Amino acid sequence: MKSIKIGTGLAFWGDSIRPAVDMVERADIDYLCCDHLAELTMSILNKQKSRNPDLGYTTDIIPFLRGVVEKCYEHGIKIISNSGGSNPQACTAQVVKLCNELGLKGIKIATVTGDDILDRIDNLLADDVAFTNIDTGQKLEEIRERVTHANVYIGCDGIVEALQGGADIVICGRVTDAALYLGPMRYEFGWAEDDWSRLGAGLGVAHCVECGGQATGGLYSGGWNDMDRLPSLGYPVTTIFENGEAIMSKTPGSGGAVTVGTVSEQLVYEVLDPSNYLSADAVADVSQIKLEEIAPDQIRIYNIMGKPAPDTLKVNMGYRAGFVGEANFTYTWPDAFAKAQAGLSFLKERLRQVNFQSSDTRIEYIGHNSMWGPEVIPPPDAENLDEIVVRFAARCPTKEEASKVFTESVPLYNNGPAGASGIGTRPPIKELYGIWPCLIPRDLILTRVTVEEI
Amino acid sequence: MSIQVWDIAHGRSGDKGDICNIGLIARTEADYEILCREVTPTRVREHFGDLIKGDIDRYELPNIKALNFVCKGALDGGGTLSLRSDHLGKVMYTWLLRMEIDIDGK
């Protein structure tokens, strides 16, 4: 049975490139797939593009390619990436520049676009696309003026077309993470675009591997101290068969492990209903998935079912949602917790004096309950506490309001209750973006592919 | 007799908007039966208190001995808006691992 070997190169913007470098050296892969985009990333990239039309892509693609592209081109390993973000053309321009610099004659670079609908929103609204928030039912009017980006999670059609056009590197924008993997599968195996059972199976496999080190021992909770050499963690190397089954492994000689446990943890990561794992190319039913260890660090993945892709595509829209102001400060024994309370009262009173405006505040105690908050963990034993770090955070309408939080915490150093320390230097004010999940009919989105040869 | 979920399962959690999903994976078939019987959405709600504001749905993946809890309104508005330090719900599962459950089925 025909099979291909796909390596997971990167799992997020800023991920280490070393697993991919090792993989290209040692794992005999056919494709190297790289996901750079999280929900929030598109808002950040769009902001960069609005300030400079040559930006708006994830810049880590350049050092990444510098590390692997010569070897990949020499061995015929194709690279599929969504590093184009909100500006795929600008990304491709930099990739072309790099390939020229490296003298990679004949290399073909494809660009996949069509996911960005920011400039089409008003026309689409006029055509009765409501963009109603699918989580809350709210209407788009509530945030229309604050929208910063609108990208459709598109499927693998453009990647398939790019590979048919002979591309060695495919640069996409907001394709789904899974499309990076489904593109090569559909192209190599000739799966029809409505071969739901195989596409569903491939989608399930893509989900198992797309987060890189999270499936090979990174974050593994089943036996975290048994994981071998995590600083040299290998990323997934997956053999996919034309019937949609797969054998997942990792780079030979790398750290970590591929076990039923490590793959199971990734399988349940960011999944809602496992019998309806939605994506642009298909719906996967992973509720009956089977994982079987066939050799050390080799897990057979099978029994994933597929269903027809939805008629609509998901839109990832972002909107400006204010700013966060934050202050941290520490109190020590004696009476550490009581003093922390007094320090908080001091801060709140000073904020009141400067007419501080915020829509929400949160208080956490680092080292005690900062991961869950007061909702589940009550205040600590006040008597014998050695130290406590207070974190005070507030959502504010403007940057000026948010900056008051730190400004008004600084006097705690000299003027507040005894024993304050650890206030630190002024942190940058973080702008908040809300994500507005909504839908668009599939037939309104056209993917375009261009291929450039050096 | 009472044990903690951690004695019979491991897990992982993550975000999707304001939803946090928590996966628990039982160590043995017998452990999976206990998980299915004891770790109900009602118990999970009690355990997390006001931290989870919306519905909690439970899904089963029997062949890998896993349960998936989809917890709505669990991330203070979602990863990009949240004031929580754990804005992506990365360690929500560890709180569930501490839940006390009865292994005698009573």
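## Buried area between the chains

In this predicted model, chain A and chain B bury about 3,800 Å² between them, buried area being the accessible area (1.4 Å probe) that two parts lose on being put together, summed over both. Carbon and sulfur atoms give 58% of that area. On the side of chain A, the residues that lose the most area to chain B are A:V268, A:L272 and A:W372, together 18% of what that side buries.

## Residues in contact

Chain A brings 48 residues to the contact and chain B brings 42 residues, where contact means heavy atoms within 4.5 Å.

Two salt bridges are counted between chain A and chain B (a side-chain nitrogen of Lys or Arg within 4 Å of a carboxyl oxygen of Asp or Glu). A salt bridge joins the side chains of B:R12 and A:E265, at 3.0 Å from N to O.

α9(A) gives five residues to the side of chain A that touches chain B, the most of any element; helices (H or I, at least four residues) are DSSP runs, numbered from the N terminus.

## Domains of chain A

Chain A is assigned domain 1 (3-115 + 153-310) and domain 2 (319-436), with bounds from an automatic or database domain assignment. The centres of the two domains, taken over C-alpha atoms, are 40 Å apart.

## Conventions

Residues are numbered from 1 along each chain as its sequence is written, and chains are lettered from A in the order in which they are written. Local features need pLDDT of at least 70, side-chain atom pairs count only at pLDDT 80 or more, and totals for chains, interfaces and linings use all residues, while side-chain values use heavy atoms, with hydrogens and water left out.

Key
Helices (H or I, at least four residues) and strands (E, at least two) are DSSP runs, numbered from the N terminus.
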